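This report describes how two protein chains meet, and then turns to the build of one of them. Please keep the sequence and the model in view while reading.

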Amino acid sequence: MLSPYRIIDLTDERGVLAGQMLADLGADVIQVEPPTGSTGRGIAPFFADHPGESIYWAAYTRGKRGITCDLSAPRGRDLLLRLLETADFLIESSDIGVMAELGLDYEALHERFPKLIYTSISAFGQTGPKAHYVGSDLAIWAAGTPLLMSGDDDRAPVRISQPQAWGHASGDAAGGSMLALHARHQSGRGQHVDISAQVSAAQATLAQVLAHQLGAADPERYGGGVKIRGQAIRGTADVADGYIVLLMGPGPAVGHFANHAVKWLVDIGAAEPELLDEDFVTYADRAATGKADPALFPRIQDIMRDAVATRTKQQMLDISIEYDLLLAPVLDIVDLGNSPQLGHRSFWQELEHTDGRRVTYPGPPLNILVDGEQQGICRRPPPELGQHNAEVYTELGLSSVDIDRLRSEGTI
Amino acid sequence: MTLPDGVGPLAGVKILDLSWIVAGPTVGRAMADYGATVIRVESPARVDTARVVGPFHGEEPGVENSGLYGNVNAGKWGLTLDLRVPGGQDIFRRLAVWADIVCESFTAGVLARWQLDYSHLRELKPELIMLSSTLLGQNGPYNQVSGFGSQGAGMAGIQDLAGWPDRAPAGPFGPYTDYPAPRFALTALLAALDHRYRTGEGVFIDQAQAEGSMQLLAPALIDYKNGGPALERRGNDDPQMCPHGVYPCFLPDGREESWVALAVATDEQWSRLADLLGADGSLSFEQRRQRQPEIDAALSGWTSSRLAAAVEETLQAAGVSAHRLSTTEDAANDPQLAHRNHFRRLPHSLHGETVVEGPRYILSDTPIQPARPAPQYGEHNVLILKDVLGLSEAEIGELAASGALS
């Protein structure tokens, strides 16, 4: 869908997903690295059979072409400017001020390339009192508020073990870039898209980031659930081989799921058939006014916990589908790797790396039909350092002599 | 006849938003912010879960009081429509023909039973763009799994990966798959719209919200699928940063719990932190890793006698990544979020005023303000039926009598 558009991707590990999202939608994305390689090539994990090769970098450069260009040298900057003549988007994630030092900041480039959409990804934003703060996944998650809400109540708050914050920011960078493209359709002008990872992280709070301003109490961390005004709500339950996410509650939004759960408990003989007469959609209101037994629902929750404890994750998933329950297994990485659902949807894609290895990747995030036709899956493996130098620079009109000279002087 | 156009890059784009709770509505919210006309359709029979979870205005639960519903639906027009009755289905078809984009998040197959799925709507409008967003996707053995992003978090591997290695998973906060999914959907819908301007072709997008979240686990998934170890939860440890964690501080009022997050990525950062601690600044990453319990204890001792805000400022001044674990009050008072005008106050007919988050992108040339707060239940029924579909008052009356609207 985005095949008419070219993206010059100057990001490092902090923004590398953004360009990939556009590449997966068909754009020509050219990852530009310094001749020594991006710092992203040093981010863990590394391939078990190739310990020098970053899986992180491979994961988010799949689908792109890759070139090198030394932006610290005038010749390299000239080369980038030539490249930008052909580009619609530039995406960057460098420390605040670095692009300005190079004369490659938005203001400088907008004058020369008024149609260029220039997207910047940073921890806190391009300007403001914290713009120069040193960012990190953990600090961003703290500043956006989700970190304080996550974890066991008797230990320090805890993050997700695969860092997430820059991924959220990169996702917003892709969306913001596309909004700027539509603005360009209207105005003919490019503009600066300024993404703050702190703001992106705030989205991971279910709008609780607004709690104080609405006059509500903050949710507090509680393992497998949440505490609201000191009241703990469990969101998970133990099963025979691990855990499930289990939400059971009365009320108009979820009460019918509780009714379904009662049906299952009656069917397996764990609960008395008379309970089928109870309607948990309306139960809470009746319990509050003395027309239903307030001890009934907690008792059913206990029965449910006992019933699931002796079954496996897989059994509970099957039961959940059969009875339409509000529960799901807590899958680990091994489970995902062997998931029949992901297998059925051809989620895993094998790509042949330049050295001939076949490597399995998660496929693009969406399954898209254009005019009824299934879209091709992006088959380009992650580029090796400078892999497309000759190809891209030749497209720009450089001769092989020019390219050899750039190479020998270290510009590429 | 139509609703008044919005202002911004998407002015004139028409969206029929049947999605619910968070993952889908967040997409429509972003497009409404930038000028699209978004009609949010709700079932009169089953209340949107977002309306019954907080944060509530003044801690008062109620379907018109939810800050969550308000945050993901600001700027939209509201219609209640019962798709189970023929009159409701007819209105839906007519609105789908009006729309450029239809977003929905029913369990796979539900719309097909009413002949309202993409294959049927495409016959009415070949250039339609449609997003169908579910936890696990439209096909596959588990496509009937329904539920919230909390179930999604379980099935996307995120729930298992947040917590301590010696304990059950603590999980992330809330329905995690609702957070990454809208980013992928929004980007693709805007690409589809661009594609249609050029080609006239329609687009169907099948989103599995879990697969969106799994993009943010891609390194761990690739590692395991290619002979490496399966990542397990590891508290706040990081394979390449040490020290790296959350350390206790005091609140200004002397209450105990307050925390600061700290991440040391380089030897140079360690040496500057060590100066503050009076520790050995020459330790390499491996040496710091070996002495992590000792370093963590020293750090906790140092932070424990300080305020989180002061630790944050001292460490950042020394070039070390740190931030207090902000409460939502801290966020309300955060000068950086204020600088970005992140919290937007909107006049509200029931609450006087409400507050929503601003867009997550600052566009230098096209700044925005949400045009109006989220619709109240069925707030714009008459307006939409009259101005968009041209129904007479008598026809609207008949429709209401048939039960299609309530």
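A salt bridge is counted here when a side-chain nitrogen of Lys or Arg lies within 4 Å of a carboxyl oxygen of Asp or Glu. By that rule, in what is a predicted model, 14 salt bridges are found across the interface of chain B and chain A. One of them is formed by Asp238(B) and Arg159(A), whose closest N and O atoms are 2.8 Å apart. To the side of chain B that touches chain A, helix α8 (residues 181-199) of chain B gives the most, with 14 residues. That side of chain B is made up of 73 nonpolar, 51 polar and 31 charged residues.

| Item | Value |
|---|---|
| Residues in contact | 155 residues of chain B with 156 residues of chain A |
| Area buried between chain B and chain A | about 13400 Å², 61% of it on carbon and sulfur atoms |
| Residue pairs in polar contact, both at pLDDT 80 or more | 70 residue pairs |

Within β12(B), Leu363(B) is the bridge partner of Val193(A).

Chain B itself contains 18 helices and twelve strands, and its C-alpha trace spans about 80 × 55 × 40 Å along its principal axes. Of the 406 residues in chain B, 62% are buried. Among contacts in chain B between residues at least 6 apart in sequence, 67% join residues at least 24 apart.

Conventions. Residues numbered from 1 in each chain as written. Chains lettered and ligands numbered in written order. Heavy atoms only, no water. Contact = heavy atoms within 4.5 Å. Buried area = accessible area lost by both parts, 1.4 Å probe. Polar contact = N/O pair within 3.5 Å; in protein donor to acceptor, adjacent residues only side chain to side chain. Helix = DSSP H or I, 4+ residues; strand = E, 2+ residues; numbered from the N terminus. Nonpolar A, V, L, I, M, F, W, Y, C, P; charged D, E, K, R; others polar. Pairing = 2+ DSSP bridges. Buried < 20%, exposed > 50% of the residue type's maximum accessible area, 1.4 Å probe, protein only.
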